[in-house]
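Subject: Structure handover

Hello,

Please find the structure for your files below. My notes on what turned up in it follow.

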Amino acid sequence: MQETPQQYIQRMLGLVEGKDPLKVQKTTAENLSKLLQGLDKQKLMYRPDPDKWSIAEILAHLADAEVVAAWRLRLVLSQNGATIQSFDQNVWADTFNYQQRDARASLDTFRVLRASNLAMLESIPEKLWDNYGTHQERGRETVAHIVSMYAGHDLNHLRQVEALAKA
């Protein structure tokens with residue numbers, strides 16, 4: 001059974017509960033890099049199940065999700081009340097051939113995009129953190145909420161990568 005948008009929100013926010021979302025986001029790339037140490041291409045490409053992603057696919061997803069975050073944040077910051085379009089991560093995985101993407105190149109892309117997004121967030125006035133957009137599936141989301149959701153998303157995928165690295 002696929003989770004509802006509300007269940008997804010609760011799961012992501014539950015992962016980051018009690019943590020500083022910006023600190024989580026600042027450490028994700030380095031934590032991923034540590035998990036990749038010593039892993040060969042076979043390990044990075046290993047899928048635990050036909051409908052589950054490999055480490056390489058997760059990293060490609062994180063890089064693309066950071067592109068999405070960059071757009072969503074800038075949209076909401078510059079157009080308070082804007083509509084936030086959803087996307088189908090599985091369609092992106094197929095379209096952009098995540099199965100063949102280089103894990104370390106995806107991590108490098110993620111690292112650069114994340115650093116840019118964090119620098120932007122650190123530069124905006126505090127009042128803009130209350131700006132919001134209306135997500136097509138999840139409803140009203142402030143900048144602060146979006147940042148928390150992405151931190152939870154990071155923690156979710158860090159757990160997956162850690163489990164796959166140990167498998």
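The largest cavity is lined by Gln25, Glu66, Ala69, Leu73, Arg114, Leu121, Ile146, Val147 and Tyr150. A cavity here is a set of points, on a 1 Å grid over the protein atoms alone, where a 1.4 Å probe fits but cannot get out; lining residues have an atom within 4 Å of a point. The volume of the largest cavity is about 40 Å³, where a volume is the space filled by probe spheres set on the points, and grid points are joined across faces, edges and corners. The count is 1 cavity of 30 Å³ or more. Its lining splits into 6 nonpolar, 1 polar and 2 charged residues, with Ala, Val, Leu, Ile, Met, Phe, Trp, Tyr, Cys and Pro taken as nonpolar, Asp, Glu, Lys and Arg as charged, and the others, Gly among them, as polar. At least two lining residues come from each of helix 4, helix 6 and helix 7.

This is a predicted model, in which local features need pLDDT of at least 70 and side-chain atom pairs count only at pLDDT 80 or more, while totals for chains, interfaces and linings use all residues. Residues are numbered from 1 along each chain as its sequence is written, and side-chain values use heavy atoms, with hydrogens and water left out.

Helices (H or I, at least four residues) and strands (E, at least two) are DSSP runs, numbered from the N terminus. There is an open sheet of 3 strands in the order 1-2-3, with mixed pairing; two strands pair if DSSP finds at least two bridges between them. Strand 1 (82-84) and strand 3 (139-142) are the edge strands, each pairing on one side only. Strand 1 runs parallel to strand 2 (residues 132-135), and 3 bridges join them. Ile84 has His135 in strand 2 as its bridge partner.

Helix 4 (residues 55-78) lies across strand 1 and strand 2, at about 165° to strand 1. Contact means heavy atoms within 4.5 Å. Axes are lines fitted to C-alpha atoms, for helices over the stretch in contact, and angles run from 0 to 180 degrees between N-to-C directions. Helix 7 (residues 143-166) lies across strand 1 and strand 3, at about 90° to strand 3.

Asn97 sits in the loop between helix 5 (89-95) and helix 6 (103-123). Its phi is near 50°, a positive value in a residue other than glycine.

Regards

Key
1 Å grid on protein atoms, 1.4 Å probe; cavity = no way out; pocket = protein on both sides within 12 Å on 5 of 7 lines; lining within 4 Å.
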